[in-house]
Structures are given as C-alpha cells and as structure tokens.
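Hi there,

Here is the structure I promised to pass on to you. Please open it next to this email, and then read on for what turned up in it.

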Amino acid sequence: MVTSSVPRLVIAAPSSGSGKTTVATGLMAAFAARGLAVSPHKVGPDYIDPGYHALATGRVGRNLDAYLCGPELVAPLFLHGARGCDIAVVEGVMGLYDGAAGEGELASTAHVAKLLRAPVVLVVDASSQSRSVAALVHGFASWDPQVRVGGVILNKVASDRHEELLREALDSAGVPVLGALRRAGQVSTPSRHLGLVPVAERGAAAVEAVAAMAVQVGQGCDLDALEALARSAGALPGGSAPWTPASAAHRPRPSAGRRAPVVAVAGGSAFTFSYAEHTELLTAAGAEVVTFDPLRDEQLPDGAAGLVIGGGFPEVHAAELSANEPLRKAIAELALSGAPVAAECAGLLYLCRELDGQPMCGVLDATARMTERLTLGYRDAVAVGDSVLAAAGTRMRGHEFHRTVVEPGAGAAPAWGVRAPVRRVEGFVQHGVHASYLHAHWASEPGVARRFVERCRTS
C-alpha cells in the first residue's frame, strides 16, 4: 500500500563526479540488506544509473523528470514506483541546483526535492579540502530555504586525520555529518562515451560493484540516522495520488474475442534505454508486450503486430547486430508491411542502411556514424504530421543524448519539429515507422501508447 508519507531521501551533490551514484546505490543496497523494501528513483533522463539501482533493490529503477513529464507528475510517478515499499531513495542529477538550461530550477534535483518535500543528503567530494568544506555546505544549505539539507556524507576522505578536520569544520555549519567514505577503487564503475557502462553489459562485475558499494556505505555511514531522516519527510503535497498506467492509458473496453496485439520490444545489451512506464502503458492500452534481444534472437516474437526499439548502444554492438541478418530482414519485412514501428535514438540507428559501415535493417534510406561531438539537452517538439505515435500538432518534450549523426537528419516526412538549440526538423515518418533521436517519456502524453496499440490492432 502506498501512502503520501512514504519515507524518502534525495541524494544530491554540489557537482557531477562527487559520488552520488556510489552513495545512492550503496545506500539502497544497504537498506535492502536490512530487510527494507526500497524504491529506487533517479532525477532526470538518465537510463544507466537506474540499472544499478535495480540491482541494489530488486525493483525497477524509475526516473523523476520535471521537464519531460511536468512538475505535476513528479509526486504521482514517485508514488507509483514506491507502491509496497518501506523507504525510497532518490538519486539526484548534476549539482543540486543545476536544472534545464535557461529554465531556472526546473528539473533540478532541488526542484524535485521540493516537489517531494524530501530531505536532501549532500555528498561532498572532500579529496582536496578541509575547513573549506564548511563554507561549501553552508552555501548549499542556505541557498534555497525550501530545500532542506538534512545531512552530509563526506566522500573520498584520505585518512582518519582528514576526517577529523572535516568534521571539526562542519560542526559550525549546522548540518550533521551522516557518513565518511574512504577512497575505494573497488566500487568504481567503468565509463565510456555516454557515461557508465550499463548493467546489462557487465553481468557479474556489476553485481560485485553494487555489493561493494553496499559494504562501503554500510560501514561508513550512519544508516540509523539516514533512515530516521527519511522518516522525517512527512506527507507529500495535498491531493497527491499514485499515477497508474490503466488510468493514464484510458483503454477502451475490449470487445469480446478481441485478441491483444503482440508488441515486440527490443532489449538486451544493445538496447537498454527505456522507461518502465512505456511497457506499462502499452500493456494497459491492451497490448501483449514481448521482449526480444536483437543480439541473440533471429526472429521477432511470434505474431508481432508492432515493434518498439528504444535507446542504447548499437554503435558498441554494431558488428553483432549486423551479423544477425535473419532478424534484420524480419524487421525490414515488418516495417514494409506497414506495421507500427516506434524507434528512438539507438532504434533510429538500427533502422538505417548502415552504422559505421556495418549493414543494419535498411528500413530508412539513411546512414549513421559515430562522431566526436556530443549532442545533449532537453528539447521541445511538435509532431510535423500524423504518425503511429501522434497526430500532427501533438506537442511533447524530449531529450537528446548521443555522439552519432544520421545523414540525412530527416526524411521527406519528418517526425518532429524541434525547438532548442535551433529550430529544425528531424526524424522519419514513413508507412508505419516513426523514428527519431528524441527520447520522450510517454507518461507525459500517454495517448501515444494508446494510439500505437490501436494501430497494431488495425494494421
């Protein structure tokens, strides 16, 4: 049962690279080891950290993004994820007060903490400071009176003497020290061009890393004090109720004998970027969702009437994806038949003729390649024309995060008109295919799932 007073903490930091993921994941695992049912959450559009959260808790990691979904959905989506849990841990994004560019506090960790009325634990990289830590913490704790910084965890502490100096300095800041973690290489996680390497690609190494994080946090932090701080959160804003896929999808009453259409959803190591709410909405809209792995499965799931290919790292697995010629042909045939196909970012690359010279599905008359340039940021988008996902004029907010380029960047019928950083059109709409770089969160516009499933029924 979910109540609006579920105990909760937000793990934040002054800047990226301070150790938020290590502390948040380790704390989730340490709480779970105490027998608590832990609800894991991540501020922002990150897909990789929630995979580590899921390992730590045994529950699906979920995102809370006030830009993609709107501030009004943050609390309901949080309650949806926290259903049946004893405590929730929310990992922040970037620095505590860093949000969408040019939008003030929107989508920042501080903004989400205020929407959830959750206390904040500030993770501070103390490796190159001693007394100055007090000024840093005081500044973050006093910047916005509506953000309650309830404690500090000192990370990368060099020695007992270093810890003693840091604690003495923080005595005057009025913010309790809830933990001190020594430098520990064994809990680090490998990174590459878009951040951490996903859990699905690391296997046992990821399990070992999460276990090491749990030990480090359990030994270096006051878990009793952290749990007590979480329980001080109190009730969420009045009227907050859990978001539910069924209510959001507004599924029409099924007709007698009407079979649920099978929607194939790409998964495995190459396609790890997906919000849990997407498959929940597809199911609520009446689909039978079946996951398949393009690296291993040579055919689509039996009876597939539609296909969803989310984000991930096809550039890392291009040779293996290309080698699976039977599946590439099956996907091309499905797309040619007019069946609904929704592809975003990695899915877009997979549907091209080739990626870095490796043959792909050939659904789109376009090529894709890796570049040195990072494309990153939130986007406001409007559907240029009708598609299997949206009617012309539908407005959605999305996010781009890639180091690839597709040429051409848009088809004869583009998917979206995008504002920011410059006005442009992008993506492809042809037959039943909707392919784009834009990562969207369907909870903000659940009609896309309903529309997609209905097209699967009638195509």
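**Cysteines without bridges**

Let's begin with the disulfides: the count comes to zero. Please keep in mind that this is a predicted model. Cys-352 is in no disulfide either, as the nearest cysteine sulfur, that of Cys-361, is 9.5 Å from it.

Next, have a look at helix H2 (residues 49-57) and helix H7 (residues 204-220). They pack with their axes 10 Å apart and at an angle of about 70°. That makes H2 roughly perpendicular to H7. Which residues meet there? On the H2 side you will find Tyr-52, Leu-55 and Ala-56, and on the H7 side Ala-206, Val-207 and Val-210. Six residues of this contact are nonpolar, while no polar and no charged ones take part.

**Aromatic rings**

A pair of aromatic rings is described by the distance of the centres and the angle of the planes. Searching the whole structure gives seven aromatic pairs. One of them joins Tyr-67 and Tyr-378, which are stacked, with 4.3 Å from centre to centre and 25° between the planes. This pair links distant parts of the chain, as its members are 311 residues apart. Tyr-67 sits in the loop between strand S3 (62-64) and helix H3 (74-81), whereas Tyr-378 belongs to strand S16 (residues 367-383). Both of these tyrosines, Tyr-67 and Tyr-378, are buried.

Now turn to Phe-273 and Phe-313: is their pair stacked or edge-to-face? Their planes are at 80° and their ring centres 5.3 Å apart, so the pair is edge-to-face; the angle needed for that is over 60 degrees. Together with Tyr-47 and Tyr-275, Phe-273 and Phe-313 form one aromatic cluster.

Enjoy exploring!

Best wishes

Methods:
Residues are numbered from 1 along each chain as its sequence is written. This is a predicted model: local features need pLDDT of at least 70, side-chain atom pairs count only at pLDDT 80 or more; totals for chains, interfaces and linings use all residues. Side-chain values use heavy atoms; hydrogens and water are left out. Axes are lines fitted to C-alpha atoms, for helices over the stretch in contact, and angles run from 0 to 180 degrees between N-to-C directions. Helices (H or I, at least four residues) and strands (E, at least two) are DSSP runs, numbered from the N terminus. Angles under 35 degrees count as roughly parallel, over 145 as roughly antiparallel, 65 to 115 as roughly perpendicular and the rest as oblique. Contact means heavy atoms within 4.5 Å. Ala, Val, Leu, Ile, Met, Phe, Trp, Tyr, Cys and Pro count as nonpolar, Asp, Glu, Lys and Arg as charged, and the others, Gly among them, as polar. A disulfide is a pair of cysteine sulfur atoms within 2.5 Å. Rings of Phe, Tyr and Trp (its six-membered ring) pair if their centres lie within 6.5 Å; planes under 30 degrees apart count as stacked, over 60 as edge-to-face and the rest as tilted. Buried means under 20% relative accessible area, exposed over 50%, partly exposed in between (1.4 Å probe, protein chains only).
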